[in-house]
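Subject: Structure handover and notes

Hi there,

Here is the structure I promised to pass on.

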Amino acid sequence: MKKIINDPANVVAESLRGLAAAHADILRVQYDPDVVIRAGAPVAGKVAVISGGGSGHEPLHGGFVGHGMLAAAVPGAVFTSPTPDAVQAAVTATTGEAGALLIVKNYTGDVLNFETAAELAAAEGLEVRSVVIDDDVAVKDSTYTAGRRGVGGTVLLEKITGAAAERGDSLDAVTALAQKVIGQVRSIGVALTAPTVPHAGTPSFDLDDDEIEFGIGIHGEPGRERIPAEPADALVARMVEAVVSDLPFASGDRVLLFTNSMGGTPLVELYLAHGIAERLLADRGIVVERRLVGPYITSLEMQGMSLTLLKLDDELTELWDAPVNTAALRWGL
């Protein structure tokens with residue numbers, strides 16, 4: 001294993017120190033338990049949108065802390081849920097009278113630990129709600145979940161709810177908006193290679209050079225099937241069909257298309273795939289009104305990609321376009 005690390009046990013803490021040094025104008029990091037907190041939080045009169053999960057998916061979630069997005073992010077160990085006390089610390093540090101919304105990806109550990117933290121925060125007199133995102137169309141249940149996994153749609157959910165909180169929406173309104181997004185977003189991912197967790201030192205699974213795992217999870221969980229490697233046109237068509245047929249999306253729908261690198265796929269390949277996806281959606285009469293392309297929810301150094309489609313309306317488009325200033329997403333300011 002070759003990685004730019006020191007002791008595998010200290011990877012997350014050392015990475016957080018670098019994040020804090022690079023973006024001191026946007027965020028600060030509280031250690032033991034580890035929490036990434038928006039500079040100036042709590043913001044009076046505004047809902048605190050909080051998320052988190054295992055590390056190794058950067059920039060998710062710490063890279064999305066800042067104006068117009070998250071009030072705090074709670075990083076666990078690599079591919080491991082943060083503990084309830086860490087989530088509770090994030091709530092306590094950022095939540096005022098407007099309350100907090102916890103965004104939870106549908107993994108068993110995350111759901112249990114965030115629920116426990118919400119109960120602990122409520123005991124402190126804080127008003128806390130939570131939503132669970134489960135946008136992955138690949139499988140119904142997997143290694144880490146009961147039900148569908150939370151994947152690329154998480155990025156879009158955090159941006160849109162963060163914008164609603166920034167404009168001053170109530171906790172009820174932000175929660176309802178989150179549920180609306182969850183109902184209208186779908187994703188699928190593929191892997192060309194496996195990631196290597198630092199403390200494990202070996203790839204998470206075996207994949208031959210001529211194989212692709214179709215429907216992979218962000219922790220390297222198995223997908224729908226293992227298929228022979230195929231050209232980009234065929235692979236992207238397979239992915240688009242899986243996503244479009246699930247909601248289903250239909251001719252005339254307005255969408256945001258998010259083409260994501262799993263960490264090891266270069267932009268030259270990612271833009272190639274995005275262009276194919278845009279063409280295939282246009283052929284179906286689906287109108288791509290907004291786009292996001294890049295490594296925004298990764299799986300360490302896994303070579304692969306995911307496609308996410310969010311059905312848009314005027315409100316969701318306005319909130320997506322709203323100003324944001326985080327380490328990973330910045331526009332409008």
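Before the notes start, one term: two residues are in contact when they have heavy atoms within 4.5 Å. What you have is a predicted model, in which local features need pLDDT of at least 70, side-chain atom pairs count only at pLDDT 80 or more, and totals for chains, interfaces and linings use all residues. Residues are numbered from 1 along each chain as its sequence is written, and side-chain values use heavy atoms, with hydrogens and water left out.

**Overall picture**

The protein contains eight helices and 14 strands; helices (H or I, at least four residues) and strands (E, at least two) are DSSP runs, numbered from the N terminus. Its radius of gyration is 19 Å, close to the 20 Å that the globule rule gives for 333 residues, so the protein is as compact as a globular protein of that length. For that comparison, the radius is taken over C-alpha atoms, and the rule is 2.2 Å times the number of residues to the power 0.38. Along the principal axes, the C-alpha atoms fill a box of roughly 55 × 50 × 35 Å.

Of the 333 residues, 57% are buried. Here buried means under 20% relative accessible area, exposed means over 50%, and partly exposed is in between (1.4 Å probe, protein chains only). Among contacts with a separation of 6 or more, 73% are between residues 24 or more positions apart.

**Strand β7 and its partners**

Strand β7 covers residues 185-191 and pairs with β8 (residues 211-214) in the antiparallel sense over two bridges; strands pair if DSSP finds at least two bridges between them. In that pairing, A191 has E213 as its bridge partner, and V190 has F214. Strand β7 also pairs antiparallel with β12 (residues 304-311), this time over seven bridges, and there G189 stands opposite S306.

Seven of the seven residues of β7 are buried, so the strand is largely enclosed by the rest of the structure. V185, S187, G189 and A191 point one way, and R186, I188 and V190 point the other way.

Strand β8 is in turn joined to β9 (residues 225-228) by four bridges, again antiparallel. One of the facing pairs there is E211 and P228.

Helix α2 (residues 84-94) is largely enclosed by the rest of the structure, because eight of its eleven residues are buried. They are A86, V87, Q88, A89, A90, V91, A93 and T94.

In helix α8 (residues 314-321) you will find T317, which counts as buried at 7% relative accessibility. Not counting residues up to four places away in sequence, T317 touches R254, E289, R290 and L312.

G53 sits in strand β3 (residues 48-55) and counts as buried at 2% relative accessibility. Leaving aside neighbours within four places in sequence, G53 is in contact with H61, V74, P75, G76, T80, P82, K105 and D110. Its C-alpha atom is 6.9 Å from that of T80, 27 residues apart along the chain.

H61 lies in the loop between β3 and β4, and the peptide bond from L60 to H61 is cis, with omega near 0°. P59 is in the loop between β3 and β4 (72-78) as well, and a cis peptide bond joins E58 to P59, with omega about 15°.

**Positive phi values**

Which residues other than glycine have a positive phi? D32 has one of about 55°, and F79 has one near 60°. D32 is in the loop between β1 (27-30) and β2 (35-38) and counts as exposed at 74% relative accessibility. F79 lies in the loop between β4 and α2 and counts as buried at 10% relative accessibility.

Best wishes
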